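Welcome, and thanks for taking a look at this one. Below is a short briefing to read alongside the sequence and the 3D view.

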Amino acid sequence: MVSSPHEAMHRIFQEHPELFSRVSEVLGANFAQPTSLTVLPNDLTETRPLERRLDTLLRLETEDDEPFLLAVEAQGKKDPNKLASWAYYASYLLNKYRLQPLLLVVCQDRATAEWAAREVNFGPRQWPLLTLRPMVAGPHNMPVITNPAEVRKDLALATLSAITHATNPKAGAILKAMTNVLRDTPAALANPIIELIAQGLGKHPAAEIWRKLVAVDLSFYKSPLSEEIRDEGRAEGRAQGRAQGRAEDILDVFEVRGMDVPEAVRERITNCDDPETLRHWHRRAIIAPSADGIFADE
């Protein structure tokens, strides 16, 4: 099953194709900014029943270079079988489109990134036929961007930085810098970035940090994530209100019956947020010989 970080790590290049030039610069290669972009089908299935799909495939054209194909793969863990698949993708793309292919692998953990970055030779050791040399972006080489001014210079690169550094101890500072900038960013641009980062962080602890920052710093946005957070907040508020009402009903019963309510009993009732427990205590309050008698059967 494809994870949300997997989707975000390659889909960002569909949303922001100019990001590749910045990533290549960071990685020590010089590719000019693309002047045009075509998103190509990612289905590499052959006529025989063997399905092969790239994550993202782009045709890039620049003013300085020949057009080339950019294949982007999001890789979550080491997978020796991928090496042959990547070599296959390269030869298939060259044969089908007659354009030079380039493979960019995006990772979230250093070990996987370093594994993916190794040159791999295919063929006899005396005379290798093919050499696989992916370009790799990951936590080992993507910048840690915690300065809002740097975020503002390149939102797409900052977004990829936030995703690839999902487990970085500085993740909170990275994400805070993002929300500082997104507050002043038009919603049409900010909303997709909010969702991409949410996808990219997956189930990492940083995802909860992002949700809280979106709820507080970007509460005015109408993105799906911010709406989900607000809905959760409203539902939680309603649940707390119902629990508070039931607790007050129990205390009202004690008051009507003229019963003394010890502070410890009052605190236990008012601090309870379980509707079923409160409903049970309410029934018991009608017949219990004393206030703490509602807990007798527990």
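Buried means under 20% relative accessible area, exposed means over 50%, and partly exposed covers what lies in between (1.4 Å probe, protein chains only). Helices (H or I, at least four residues) and strands (E, at least two) are DSSP runs, numbered from the N terminus. With those terms in hand, helix 6 is mostly covered, as ten of its ten residues are buried.

This is a predicted model, in which local features need pLDDT of at least 70 and side-chain atom pairs count only at pLDDT 80 or more, while totals for chains, interfaces and linings use all residues. Residues are numbered from 1 along each chain as its sequence is written, and side-chain values use heavy atoms, with hydrogens and water left out.

**Overall picture**

- The protein has twelve helices and seven strands.
- Of its 298 residues, 42% count as buried.
- The accessible surface comes to about 16,100 Å², and carbon and sulfur atoms hold 51% of that; the areas come from the Shrake-Rupley method with a 1.4 Å probe, and for residues only the protein chains shown count as cover.
- Taking contact to mean heavy atoms within 4.5 Å, residues 24 or more positions apart supply 64% of the contacts with a separation of 6 or more.

**Nonpolar cores**

- A nonpolar core here is a set of buried Ala, Val, Leu, Ile, Met, Phe, Trp, Tyr and Cys residues joined through side-chain atoms within 4.5 Å.
- The largest such core has 25 residues, and Phe-13, Leu-19, Phe-20, Val-23, Leu-70, Leu-104 and Leu-160 have the most contacts inside it.
- Two or more residues of this core come from each of helix 1 (4–15), helix 2 (19–26), strand 2 (56–62), strand 3 (68–74), strand 4 (100–106), strand 7 (135–137) and helix 6 (155–164).
- Apart from that core lies another, of 24 residues, including Leu-155, Leu-182, Ile-197 and Leu-218.
- Leaving aside neighbours within four places in sequence, Val-23 is in contact with Phe-13, Leu-104, Ala-137, Met-142, Leu-157 and Leu-160.

**Helix 6 and its cover**

- The buried residues of helix 6 include Leu-155, Leu-157, Leu-160 and Ile-163, and also the polar Thr-159, Ser-161 and Thr-164.
- Among the elements that cover them are helix 1, helix 2, strand 4, helix 5 (148–153), helix 7 (171–182) and helix 8 (187–201).

**Aromatic rings**

- Rings of Phe, Tyr and Trp (its six-membered ring) pair if their centres lie within 6.5 Å; planes under 30 degrees apart count as stacked, over 60 as edge-to-face and the rest as tilted.
- By this rule there are five aromatic pairs.
- Phe-20 and Phe-68 form a tilted pair, at 5.9 Å centre to centre with 55° between the planes.
- Phe-20 lies in helix 2 and Phe-68 in strand 3, so their pairing ties together parts that are 48 residues apart in sequence.
- Both Phe-20 and Phe-68 are buried.
- Tyr-88, Tyr-89 and Tyr-92 are linked into a cluster by ring pairs.
- The charged end of Arg-268 sits over the ring of Phe-295, 4.0 Å from its centre; the rule asks for NZ of Lys or CZ of Arg within 6 Å of the ring centre and within 35 degrees of the ring normal.

**Salt bridges**

- A salt bridge is a side-chain nitrogen of Lys or Arg within 4 Å of a carboxyl oxygen of Asp or Glu, and the whole structure has ten of them.
- Arg-22 forms a salt bridge with Asp-154, the closest N and O atoms being 2.8 Å apart.
- That pair links distant parts of the chain, with Arg-22 in helix 2 and Asp-154 in the loop between helix 5 and helix 6, 132 residues apart.
- Asp-154 counts as buried at 15% relative accessibility, whereas Arg-22 is partly exposed at 25%.
- Arg-22 also forms a salt bridge with Glu-25, with the closest N and O atoms 3.3 Å apart; the two are three residues apart in helix 2, about one helical turn.
- Asp-43 forms a salt bridge with Arg-53, its closest N and O atoms being 3.3 Å apart.
- Asp-43 is partly exposed at 30% relative accessibility, and Arg-53 is partly exposed at 39%.
- Through shared partners, salt bridges join Arg-22, Glu-25 and Asp-154 into one network.
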